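Here is a short tour of one protein chain. Keep the sequence and the 3D view side by side as you read.

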Amino acid sequence: LEELISMESGEEFKKKFVIFVCGCLLAPSKRAEHTTKLWRCLHSVEEIRNMNWAEYVRIKLCSQLQDFQLKRRKYVGGCIFFLMASVVNSTVDAIN
């Protein structure tokens, strides 16, 4: 906690923030390997804005849905917020 409190809002904080957002919101996972792979991609903070975050979320969500359909999982993982928005959008389109 002290390390976090004393941390400046520089490159190290930005990298850790991206890892947190990805791990908790965009592509949540219990496995640490996803975080490790993502951490390796963040060599430069400048590259964060160039990453295709929508594609990242879509790929992770599709992978989780495929695992669920193949009964490798008992629950749907990934960005549930995006999944819910997609379902609502499809429902509204079907009604109209």
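Start with Asp67, which sits in helix 4. Helices here are DSSP runs of H or I with at least four residues, strands are runs of E with at least two, and both are numbered from the N terminus. The model is predicted, so local features need pLDDT of at least 70 and side-chain atom pairs need 80 or more, while totals for chains, interfaces and linings use all residues. Residues are numbered from 1 along each chain as its sequence is written, and side-chain values use heavy atoms, with hydrogens and water left out.

Is Asp67 buried or exposed? Asp67 counts as buried, because its relative accessibility is 14%. Buried means under 20% relative accessible area, exposed means over 50%, and partly exposed lies in between (1.4 Å probe, protein chains only).

Which residues does Asp67 touch, leaving out those up to four places away in sequence? They are Arg72 and Arg73. A contact here means heavy atoms within 4.5 Å.

With Arg72, Asp67 also forms a salt bridge, and the closest N and O atoms are 2.8 Å apart. A salt bridge is a side-chain nitrogen of Lys or Arg within 4 Å of a carboxyl oxygen of Asp or Glu. Side chains of opposite charge can pair when their charged atoms come close. Arg72 is exposed, because its relative accessibility is 60%.

## The salt bridges

How many salt bridges does the structure hold? There are three.

| Arg49 | Glu46 | 3.5 Å |

Take Arg49 and Glu46. Arg49 is exposed, because its relative accessible area is 64%. Glu46 has 47% relative accessibility, so Glu46 counts as partly exposed.

Now take Arg58 and Glu55. Both lie in helix 4, three residues apart, which is about one turn of the helix. An α-helix has 3.6 residues a turn, so residues three or four places apart point the same way. Arg58 is partly exposed, because its relative accessibility is 40%. Glu55 is partly exposed too, at 31%.

Ile59 counts as partly exposed, because its relative accessibility is 45%. Ile59 and Ala27 are 32 residues apart along the chain, and their C-alpha atoms are separated by 9.3 Å.

Helix 4 spans residues 53–69, and helix 5 spans residues 80–95. Lys71 lies in the loop between them. What is the phi of Lys71 near? Phi is near 60°, a positive value in a residue other than glycine. Lys71 is exposed, because its relative accessibility is 72%.

## One face of helix 2

Helix 2 covers residues 11–26. Its buried residues are Lys15, Val18, Ile19, Val21 and Cys22. Look down the helix axis: these buried residues fall within an arc of 165°, so they line one face of helix 2. The arc is that of the directions from the helix axis to the C-beta atoms.

## A nonpolar patch

Which residues form the nonpolar patch on the surface? They are Leu25, Ile80, Phe81 and Met84, with about 390 Å² of accessible area together. Patches are made of residues with over 30% relative accessible area and no salt bridge; like charges are joined within 9 Å, and nonpolar side chains (Val, Leu, Ile, Met, Phe, Trp, Tyr) within 5 Å. Accessible areas come from the Shrake-Rupley method with a 1.4 Å probe, and for residues only the protein chains shown count as cover.

Helix 5 gives the largest share of the patch, three residues. Ile80 lies in helix 5. Ile80 is partly exposed, because its relative accessible area is 34%.

## The whole chain

Step back now. The protein chain has five helices and zero strands. From the N terminus on, its elements run α-α-α-α-α. The chain has 96 residues, and 21% of them count as buried. Its accessible surface comes to about 7,600 Å², of which 60% belongs to carbon and sulfur atoms. Among contacts between residues at least 6 apart in sequence, 44% join residues at least 24 apart.
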